[in-house]
Every structure is written in C-alpha cells, then in structure tokens.
Amino acid sequence: MTPMIPDVLDLHTHTIASGHAYNTIYEMAYSASQKGVQLLGISDHGPAMEGAASSFYFRASRRVPRSLYGIQLLFGAELNILDFDGKLDLDDESAAPLDYVIASLHVECIKPGSTEDHTAAYLGAMKNPRVMILGHPDDGTFASDYERIAYEAASQKVLIEMNEASFRPGTYRKNTFQNAKDLLLACRKYKTGIIVSSDAHIETDILQHKHALELLEEVEYPQEWIVNTSVEKALQSFSDRREYVKRR
Ligand SMILES: [Zn+2]
Ligand SMILES: [Zn+2]
C-alpha cells in the first residue's frame, strides 16, 4: 500500500562534494523538481568524513542559489559528531552560512561506545545552536536512550529523522526497524517533531521515503508532528528551534 502521508520535501541529500555521492547540486535540484519536491535540502558530509569537502566549501556556500528549477533549496550539512560531548566537525565561522545542520554519528568518524556515551553525544550535539535534526538515530551501532533523546528533542525543538537508507536492503546500520519503532513510540509520547529523509547519494534516491513513511503509519504517528507534509511546517520547525536557542 502506498503511504498516505503527504510528502513534499527531502532535506537529507548528498552531492559529489561528499566524496561518495554522484551528482551535482544542479542535477539534484533538477531531479527533485521533476519529482514534485517543493523543498530540497543539500546536506553534504562534514570535513571529518573521508573524501568530504573542506570547511571552505561550507564557508563559501552563501553563493549557492536558494532556488533552482522552480523549487526552493536549502543548503545545510550533515556534520559528524566527533566525541561523546557532541563536538561537531565544522567551526562556527564556516557553519555560519548554512541554513541547517544535521548531526550524525558515523563509524568512520567516531568509535562506538556505550548506550550512555551515544546518548551523551546526541544531547551534546543538540547544544550546538545550528543543529536542527538528529540524523539516523535508529542506527543500532550507536544505540542510545530513545526516551531521553525523544524527550530532549521535543523540548529543544530538534527534529528526529526517519532515514530511508536505514531501511534499504544491505544497509550497514544495525537493528534499524526495531530501533526506529522504539524511538517513534517514545517520540509520540513527547510529541517530538519528525522529518523523513532519503539520505540520497544519487539523484534517483531523492524522495525515496517509502519504508520510513510506512513505519510512521504503522505506529500511527500523528501527521501533525511530521514536517514533510508542508514546506511551511518544516521552515516553522527551524524557526521554533532558533527561537528556543535564543531564549535558553
Ligand atoms: Zn549519515
Ligand atoms: Zn547522509
């Protein structure tokens, strides 16, 4: 069955600047426009990932057009959490032009620790004012305290990501279906905002959200708290986060 959740955006995608992705910003935007995407986010890997762009790529990114082929474009980054304090791999000046940051744990950039370590890493990353989204927190390689993450994300206005790549056959992430379900049940309790992303590393994967959307339907996640349903809702969630950061 095709999921019934309206889905007009994809904010986790990679370009050739990530070092292991295969299209340019322009190719990604063109493909997104053909698929009816209204808001596309480019989120290349931070500099600590092997083959990724240097900090200069992000620092100069004011030049990137914020609309292409008739669709709205955001330019962000998927930054690497480097330690269990939640330190990210881009300095503040280089991150300044970014529209948003996704914070993720990757084995290429940090050695897994305990559940408490990973939880601390996510909570630490949320202290960074530019972080709007926690990327693929369902990865069992970095299992964390989902109650805690769901609660803190809700109160600090950070979105929890349901990442389609976690559910693709052959994913290197662990126990993702069960973890994602546990996480969503916790999120539902705290009314945590959810974003569904493709994590596309090639244009054909843009807006591939099928398994993630199915899971949201399975747990009857209220559409109200899923930002994919409208561009306004997604952008509002970013302003809510900025407002929260200003006041804390
Ligand atoms: Zn990632
Ligand atoms: Zn990614």
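This is a predicted model: local features need pLDDT of at least 70, side-chain atom pairs count only at pLDDT 80 or more; totals for chains, interfaces and linings use all residues.
Begin by selecting helix 5, residues 146–155, together with helix 6, residues 176–190, whose axes come within 8 Å and cross at roughly 40°. At that angle helix 5 is oblique to helix 6, and the crossing of the two is right-handed. To see where they meet, show the side chains of Tyr 146, Glu 147, Ala 150, Tyr 151 and Ala 154 in helix 5, which face Asp 182, Leu 183, Ala 186, Cys 187, Lys 189 and Tyr 190 in helix 6 as contact partners. Sorted by class, the residues of this contact are eight nonpolar and three charged, with no polar ones.

Stay at the end of helix 6 and move on to Lys 191, which lies in the loop between helix 6 and strand 8 (194–197). The phi angle of Lys 191 is near 60°, a positive value in a residue other than glycine. Lys 191 counts as exposed because 11 other C-beta atoms lie within 10 Å, and the cut-off for that class is 12 or fewer.

Next, follow the chain into strand 8 and select Ile 195. Is Ile 195 buried or exposed? Ile 195 has 26 other C-beta atoms within 10 Å, and is therefore buried. Not counting residues up to four places away in sequence, Ile 195 touches Leu 11, Ile 133, Leu 159, Glu 161, Val 227 and Asn 228.

Now turn to the largest nonpolar core, which has 71 residues, and in which Leu 40, Val 101, Ala 103, Ile 194 and Leu 216 are the ones with the most contacts inside the core. Strand 4, residues 71–80, gives the most to this core, with six residues. Centre the view on Leu 40, which, leaving aside neighbours within four places in sequence, is in contact with Asp 10, Thr 13, Met 28, Ala 29, Ala 32, Ile 71 and Leu 73.

The last stop is Tyr 69, in the loop between strand 3 (67–68) and strand 4. Tyr 69 has a phi near 50°, again a positive value in a residue other than glycine. Most residues other than glycine have a negative phi. With 14 C-beta neighbours inside 10 Å, Tyr 69 counts as partly exposed.

Conventions
Residues are numbered from 1 along each chain as its sequence is written. Chains are lettered from A and ligands numbered from 1 in the order in which they are written. Axes are lines fitted to C-alpha atoms, for helices over the stretch in contact, and angles run from 0 to 180 degrees between N-to-C directions. Helices (H or I, at least four residues) and strands (E, at least two) are DSSP runs, numbered from the N terminus. Angles under 35 degrees count as roughly parallel, over 145 as roughly antiparallel, 65 to 115 as roughly perpendicular and the rest as oblique. A crossing is left-handed if the near helix is turned anticlockwise from the far one by less than a right angle, and right-handed if clockwise. Two residues are in contact if their C-beta atoms, placed from the backbone, lie within 7 Å. Ala, Val, Leu, Ile, Met, Phe, Trp, Tyr, Cys and Pro count as nonpolar, Asp, Glu, Lys and Arg as charged, and the others, Gly among them, as polar. A nonpolar core is a set of buried Ala, Val, Leu, Ile, Met, Phe, Trp, Tyr and Cys residues joined through C-beta atoms within 7 Å. A residue is buried if 20 or more other C-beta atoms lie within 10 Å of its own, exposed if 12 or fewer, and partly exposed in between; C-beta atoms are placed from the backbone.
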